[in-house]
Amino acid sequence: MRSLDCFAEAKLAALAARQLDRSLIPTHRLDGVWVTRDGRRLMSFSCNDYLGLSHHPDVKAAACAAVQTYGAGAGASRLVTGDHPLISALEARLARMKGTEAACVFGSGYLANAGILPTLVGADDLLLVDELAHACIWAGAKLSGAVVLSFRHNDMDHLTALLGEYRGAHDRALVATDTVFSMDGDLAPLEVLTALCESHDAWLLTDDAHGLGVVHSDAGVRVPLQMGTLSKAVGSYGGYLCASRAVIDLVVNRARTLIYSTGLPPAAIGAAIASLDVIAADPDLCAAPVRKARRFTQALNLPLAQSAIVPVIVGEAQAALDASRRLADQGFLVAPIRPPTVPQGTARLRVAFAAGHPDEEVDRLAAAIRGLI
């Protein structure tokens, strides 16, 4: 219908006028850090494969072996015929790693948060979310039907005030945050958060998508709802929740994004199990991304990196686009991040560090960025 095309064209024109339009660019990842794009070989500083495990030989072999044994797809929802044996093995591994009674694997991190939150809170409940939490947390919050309030980023005084004002009027309360924030690379104050939640009988959910395998900010902290992904440092695909047995059983029975989605393909599960083996056996590999990020921030006199993610704020969307193009001319892929992913006026280069980045290339990137800002 022409009216549909006119609607889409007008929306696209409005985005383009503000330098906010996006397009998909074919990119061949050659290994953990090198890619080819538009006929050029670039060193990528824009990938979340922080440990390079998506190309690790043991991980690829495990994926192939899973296909040979279980086939290419799961075939159905996990509750129908799609719960192949590798999934329970992965869930047991995740639960041991996170120190919980049980775990549940979802089709993606987005599906996990979109299913977990509506399962646990509803119309009579309170849901408090860090303003910079990932979009999938906000999607789950909206689907829940709960009263949703935002607290200022990592502002525990603001969260305390909101709990004091609103907690008593609601049956249940849940607080949701990232552990490592995906656009700023900073960490949630988990010890303070857990104590605050316990004092107000509020359940804490943490999204460890960018922490697992790289930053152990939740080590030794009692978080009842530990969510994360298998698609970043683990180098595979999928999402998970680690929690008590009762909570996991409830999620299996009520989370619509689990019940009505086909199970993860065996290759993704086999690869994730093999990656977790590597992570457990090689602490030096896991420490490398943050070490390289700190080398970079020290070179540019930026605040010391807390994770593998370092934002270089440039301001307006066009400035971020221009900086990214100039870095590509010097052999680097550093993606520009623009609104609405980040607030207006904070467009940036989001620099993501991996274990495989040579120190000399980290230094060369720092020098190249120093010439742009």
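Modeller: Let's start at the end of α12, which is followed by Gly331, a residue with a positive phi near 95°. Everything here comes from a predicted model, where local features need pLDDT of at least 70 and side-chain atom pairs count only at pLDDT 80 or more, while totals for chains, interfaces and linings use all residues. Residues are numbered from 1 along each chain as its sequence is written, and side-chain values use heavy atoms, with hydrogens and water left out.

Biologist: What makes α12 a helix by its length?

Modeller: The label itself is a DSSP run (H or I, at least four residues, for a helix; E, at least two, for a strand), numbered from the N terminus. The expected span is 1.5 Å times one less than the number of residues. With 13 residues, 317–329, α12 should span 18 Å, and its end C-alpha atoms are 19 Å apart, which agrees.

Biologist: Which residues of α12 are buried, and why do we say they line one face?

Modeller: Buried means under 20% relative accessible area, exposed over 50% and partly exposed in between, using a 1.4 Å probe and protein chains only. In α12, Ala317, Ala320, Leu321, Ala323, Ser324, Leu327 and Ala328 are buried. Down the axis of α12 they fall within an arc of 165°, so they line one face of the helix; the arc is taken over directions from the helix axis to the C-beta atoms. Among the elements covering those residues are β3 (40–44), β11 (309–315), β14 (347–352) and α13 (359–370).

Biologist: How do you know that α2 has the length of a helix?

Modeller: Run the same check: 14 residues, 57–70, should span 20 Å, and the end C-alpha atoms of α2 are 20 Å apart, so the two agree. Its buried residues are Val59, Ala63 and Ala66. They fall within an arc of 60° down the axis of α2, so they line one face of that helix. An α-helix has 3.6 residues a turn, so residues three or four places apart point the same way. On the face of α2 turned away from the buried side sit the exposed Pro57, Gln68 and Thr69. The cover over the buried residues of α2 includes α3 and α10 (266–281). Gly71 follows α2, with a positive phi near 95°.

Biologist: Why is Glu91 called buried?

Modeller: Glu91, in helix α3 (residues 85–98), has 12% relative accessibility, so it counts as buried. Leaving out residues up to four places away in sequence, Glu91 touches (heavy atoms within 4.5 Å) Arg78, Ala103, Cys104 and Val105.

Biologist: And why is Asn113 called buried?

Modeller: Asn113, in helix α4 (residues 109–120), is at 0% relative accessibility, so it counts as buried. Beyond four places in sequence, its contacts include Cys136, Leu205, Asp207 and Met227. Met227 is 114 residues from Asn113 in sequence, yet the two C-alpha atoms are 7.8 Å apart.

Biologist: How do you know how many disulfides there are?

Modeller: The test is a pair of cysteine sulfur atoms within 2.5 Å, and the structure holds zero disulfides. For Cys64, the nearest cysteine sulfur is that of Cys47, 19 Å away. For Cys104 it is that of Cys242, 9.7 Å away. Cys104 is buried too, with a relative accessible area of 1%.

Biologist: What makes something a cavity and not a pocket?

Modeller: On a 1 Å grid over the protein atoms alone, a cavity is a set of points where a 1.4 Å probe fits but cannot get out, whereas a pocket is an open set with protein on both sides within 12 Å along at least five of seven lines; lining residues have an atom within 4 Å of a point. The whole structure has two cavities of 30 Å³ or more. The largest cavity holds about 60 Å³, the volume being the space filled by probe spheres on grid points joined across faces, edges and corners. Its lining includes Arg78, Ile87, Phe106 and Leu264, and β4 (102–106) and α9 (256–259) each supply at least two lining residues.

Biologist: What about the second largest pocket: how much space lies in it?

Modeller: About 460 Å³. Of its 25 lining residues, the closest to the centre are Lys98, Val221, Arg222, Val223 and Gln226. Helix α7 gives the most to that lining, with three residues.
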